[in-house]
Amino acid sequence: MKISKILMIAAMTNFLSLQQAFSMPINDVQVQVVDVGGSTSNDLLQKMSDSMQIVAQQLLVDRDTQNVEPVKTEYISLLKEIGDRVLTGYEMQQADIRLGEQTEIVLKITPWSDTINNVVTDLQFSGLEQETAEHLRQRLPGLEQRLRNIISGASVDAQDWAGGVLRRVVRQEVEKTLPEFKAAVDLVQEDGKVIVQVIIYPVGQLVSSVKYEMRSESIPNLLLNRLKFKYADECEKLQGLPVAYLEHHCQEYADYLSTKLASEYEVRQYNLKPRITVRPGADTAVEIILYSDEYKIWLEGYGDIGRDKDNLSGKAHLGKYISPHDEIFAEAEVVLDDVQWQFGAGYTCYWGKSSWSYMRRAPAGDNVYKLEYTLSPKWKLRAEHFSGDDRNEYGVRYRIHEFLSAEYVYGGNEFYLRLIGNL
């Protein structure tokens, strides 16, 4: 008797547990859309699943499974009808609902017409020079192939679905890799093929002009003429880029120029090294200095305005570094008024922005002491003493560009302006 009561109580408990298990509120709905033929990409199917999931959640969330079960067929029919309307280009084949707190719905579809088999991508960068655009395109590796994979095999009538997915993919990729740009995506059907047109365009403040300079204090600038013109064109390619992009990739661009310069004949011939400074802005500045840690060679011509005599002259300097801070050199100077030549040899010590040098000249037989200080890349101060006539010279020099400088000089008891040709 006791055993039978126990069995009866256990049976009733199991029945109530089953009834409670069967009767429960639906807290969430997960929808999976499946292409029966398997031709539609997962990206496109996920977009369809997300759209149908919104519909399914509105229909089923917070409803009781016990109330849905008797009319599940009607829910399936309703979902199929909505799917036929919403999933343009596809026909609903089958739907299945697995009820529970986490209800699962599987919708099987098939394209109702031909599928897309010939896809062409056309990726363009608006407002940029071709080589710059190609450099940016390399920052989006695999994007064009992914776009082709997304749309290939989809129904030809599902371009609205595909366009939405493609725009999202392109937008996410551009925001991640090129945040200074935006993208527009369009689909065009032409001659049996689908063309995915992607136009990426810069936003924000753009580089409108480039101030470029290449110079050297190690060799005469005349030897760099070919490189000057070549890299002027190279720097002009920065026009049209967002200033923010150049700020983020400033060092990368300088490294790119350094690598390219390293392969140039003049750089290898004279064993030069590039030092590159890029200052981004609407008027971007690019300064390339080619230097050597082995020697220093320069040629200068002088024309003095406001001086009565010896106002046309020239000087050649040939120096050899014996350490990073020490240079020995020889100079030849000619005064054109009466063609007087002076030759000298000496030593220069460099520390920071300053330099001190001593030179012994012949045939004058005097000593020359010089102190120079570089205020900035364009401004330089000079103090020089000539022991032969016990004369001092002081100058403030401004570099106009790599071939021309101007120096205001006080020498002896006169002031004059010196124009300097940096050959």
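Biologist: How many cavities of 30 Å³ or more does the count give?
Modeller: The count comes to 1 cavity of 30 Å³ or more. A cavity is a set of points on a 1 Å grid over the protein atoms alone where a 1.4 Å probe fits but cannot get out. This is a predicted model, where local features need pLDDT of at least 70 and side-chain atom pairs count only at pLDDT 80 or more, while totals for chains, interfaces and linings use all residues. Residues are numbered from 1 along each chain as its sequence is written, and side-chain values use heavy atoms, with hydrogens and water left out.

Biologist: How much space lies in the largest cavity?
Modeller: About 40 Å³, taken as the space filled by probe spheres set on the points.

Biologist: And which residues line the largest cavity?
Modeller: Its lining is made of Lys315, Glu331, Ala332, Glu333, Gln342, Phe343, Gly344, Met359 and Arg361 (lining means an atom within 4 Å of a point).

Biologist: Which strands supply at least two residues each?
Modeller: Strand 12 (326-335), strand 13 (340-351) and strand 14 (354-362) each do so (strands are DSSP runs of E, at least two residues; helices are H or I, at least four).

Biologist: How do the lining residues divide by class?
Modeller: In the largest cavity, 3 are nonpolar, 2 polar and 4 charged. Asp, Glu, Lys and Arg count as charged, Ala, Val, Leu, Ile, Met, Phe, Trp, Tyr, Cys and Pro as nonpolar, and the others as polar, Gly among them.

Biologist: New topic. Where is Pro363?
Modeller: Pro363 sits in the loop between strand 14 and strand 15 (367-374). The peptide bond joining Ala362 and Pro363 is cis, with omega about 5°.

Biologist: What is the phi of Asp310?
Modeller: Asp310 has a positive phi of about 50°, although it is not a glycine. The loop that holds Asp310 runs between strand 10 (295-305) and strand 11 (312-323). Most residues other than glycine have a negative phi, and most peptide bonds are trans.

Biologist: Now helices. At what angle do helix 8 and helix 10 cross?
Modeller: The axes of helix 8 (residues 225-236) and helix 10 (residues 250-262) cross at roughly 150° and come within 13 Å. The two helices are therefore roughly antiparallel to each other (over 145 degrees).

Biologist: Which residues meet there?
Modeller: Leu227, Tyr231, Glu234 and Cys235 from helix 8 meet Tyr253, Tyr256, Leu257, Lys260 and Leu261 from helix 10 (heavy atoms within 4.5 Å). This contact of helix 8 with helix 10 has 7 nonpolar, no polar and 2 charged residues.

Definitions and conventions: Axes are lines fitted to C-alpha atoms, for helices over the stretch in contact, and angles run from 0 to 180 degrees between N-to-C directions. Angles under 35 degrees count as roughly parallel, over 145 as roughly antiparallel, 65 to 115 as roughly perpendicular and the rest as oblique. On a 1 Å grid over the protein atoms alone, a cavity is a set of points where a 1.4 Å probe fits but cannot get out, and a pocket is an open set with protein on both sides within 12 Å along at least five of seven lines; lining residues have an atom within 4 Å of a point.
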